[in-house]
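Me: I'd like to learn how to read a few features of a protein model. Could you walk me through them, one at a time?

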Amino acid sequence: MIIHTLDSMGPLQALSCMLLLASLASSAAPPPSGYRSTLTHIDSKLGFTKAQLMRRAVHRSRLRAASMLPGYSTTLSSSNAGPRLRSGQAEYLMELAIGTPPVPFVALADTGSDLTWTQCQPCLCFSQDTPVYDPTTSSSFSPVPCSSATCLSIWSRNCTPTVLCRYRHGYEDGAYSAGGLGTETITFGSSALGEAPAASAGGVAFGCGTDNGGDSYSSTGTVGLGRRSLSLVAQLGVGKFSYCLTNFFNTSLGSPFLFGSLAELAASGGAAVQSTPLVQNPQGRSWYYVSLEGISLGDALLPIPNQTFALNADGTGGMIVDSGTIFTLLVESAFRVVANHVAELLSQPAINATSLDNPCFPAPAGERQLPAMPDMVLHFAGGADMTLHRDNYMSFDKEDSSFCLNIAGTTWTSILGNFQQQNIQMLFDITVGQMSFVPTDCSKL
């Protein structure tokens, strides 16, 4: 038997051998156990002032809250009418790539929905900064027939073996996406920026949107990160994900989003990891619910009855942890208690005391910054306490010279918003049904 070494081979033989070995190693390698992406704020490139960022945040918070009221659905549909979903559905963009070769895919990251979709050629499209994905040029694209198990979760009527799976995603403000379901390779890491990709996952079901309209918020689609089987989290099979949101007002900073084995909490400064069970909504909704049991301001446990945040059999109540809602929303009775206690601390009545909007309080003449304020603590089931420092629940509006509580009221369900989650690493472990968190300098992860 003659054995050739690379040194004894000609250049072409050596190159062929190396490519073959690389191919064999690649095909034998197991899929990655973890993936990393980056979140950027949707206003990051628009040059807004701090006051403008707050006003835009207030506006989108109202839209998001309205869209989550009973009567709006997150179910996909094959009908032309389509469900009415939410406007301004997310606050952060996730940088991915799709297809082979990979095409940049900058999508709204939404923990409240399941379908991942992007605009596709041939397309009636809204404007986007990157090339529109064309499935005919991708070697890894496959259409999904409507008879497949993947399609049955969104379309179960008038289906025959020869018909391809269709979807229509409608939004409250008239925006929409419609097209066919397919499977593709999704690449994570920095490939969308033109650098070397970090890791890829094949066979991911997604919506290939050939008819799209509305405000794209600088995205090319949406990444669904909810709890159902069609979400990207479920399809990756990694069981958990984590994100860590950097300073809201420093929009130039990216925020890490981690899947699977990379989604480990990075405790810093001696802070303890806190954990609380995830709760399933009896109506089967895709959002991530937890049990909030009380709120403290400083050393005082606020007088909020124990059942105020209970999740009811009709699906109302409880608390959703949401990456797409800016300000935390508290059911009205709890919101009034919190707002009144903040007013007492500031010795000022709220300017908008009768509304459910986040209340603002007139600052003393000449005051240009927030006063010292005690920590606010959210008490969750299982003894988990989330400490919110002053800048995680208050802000100073220079234009109106007022102190603002960045918490609003609602008549439906409480929501833990992303403003309160700044520099707190959040971990959602779907396998064990648990949410964990720890204070962290997110810019260093």
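Reply: Happy to. Keep in mind that this is a predicted model. Let's start with strand 7, residues 176-189: twelve of its 14 residues are buried, so the rest of the structure largely encloses this strand.

Me: Now a helix, please. Which residues of helix 5 are buried?

Reply: First the general idea: an α-helix has 3.6 residues a turn, so residues three or four places apart point the same way. In helix 5, the buried residues are Ala 334, Phe 335, Val 337, Val 338, Ala 339, Val 342, Ala 343 and Leu 346. The helix covers residues 332-346, and its 15 residues reach 21 Å from the first C-alpha to the last, close to the 21 Å expected at 1.5 Å a residue. Just after helix 5, look for Ser 347, which takes a positive phi of about 55°.

Me: How many aromatic pairs does the structure hold?

Reply: There are 19 aromatic pairs. In one of them, the ring centres of Trp 287 and Trp 412 are 6.0 Å apart and the planes are at 75°; because an angle over 60 degrees counts as edge-to-face, this pair is edge-to-face. The two residues are 125 residues apart and sit in loops, Trp 287 between strand 12 and strand 13, Trp 412 between strand 23 and strand 24. Both Trp 287 and Trp 412 are buried. Phe 327 and Phe 419 form another edge-to-face pair, with centres 5.8 Å apart and planes at 85°. This pair links distant parts of the chain too, 92 residues apart. Phe 327 is buried at 2% relative accessibility, and Phe 419 is buried at 1%.

Me: Which residues do ring pairs link into a cluster?

Reply: The cluster consists of Tyr 35, Phe 188, Phe 241, Tyr 243, Phe 257, Phe 259, Tyr 288 and Phe 428.

Me: And where does the charged end of Lys 50 sit?

Reply: That charged end sits over the ring of Phe 249, 4.6 Å from the ring's centre.

Definitions and conventions. Residues are numbered from 1 along each chain as its sequence is written. This is a predicted model: local features need pLDDT of at least 70, side-chain atom pairs count only at pLDDT 80 or more; totals for chains, interfaces and linings use all residues. Side-chain values use heavy atoms; hydrogens and water are left out. Helices (H or I, at least four residues) and strands (E, at least two) are DSSP runs, numbered from the N terminus. The expected span of a helix is 1.5 Å times one less than its number of residues. Buried means under 20% relative accessible area, exposed over 50%, partly exposed in between (1.4 Å probe, protein chains only). Rings of Phe, Tyr and Trp (its six-membered ring) pair if their centres lie within 6.5 Å; planes under 30 degrees apart count as stacked, over 60 as edge-to-face and the rest as tilted. A charge sits over a ring if NZ of Lys or CZ of Arg is within 6 Å of the ring centre and within 35 degrees of the ring normal.
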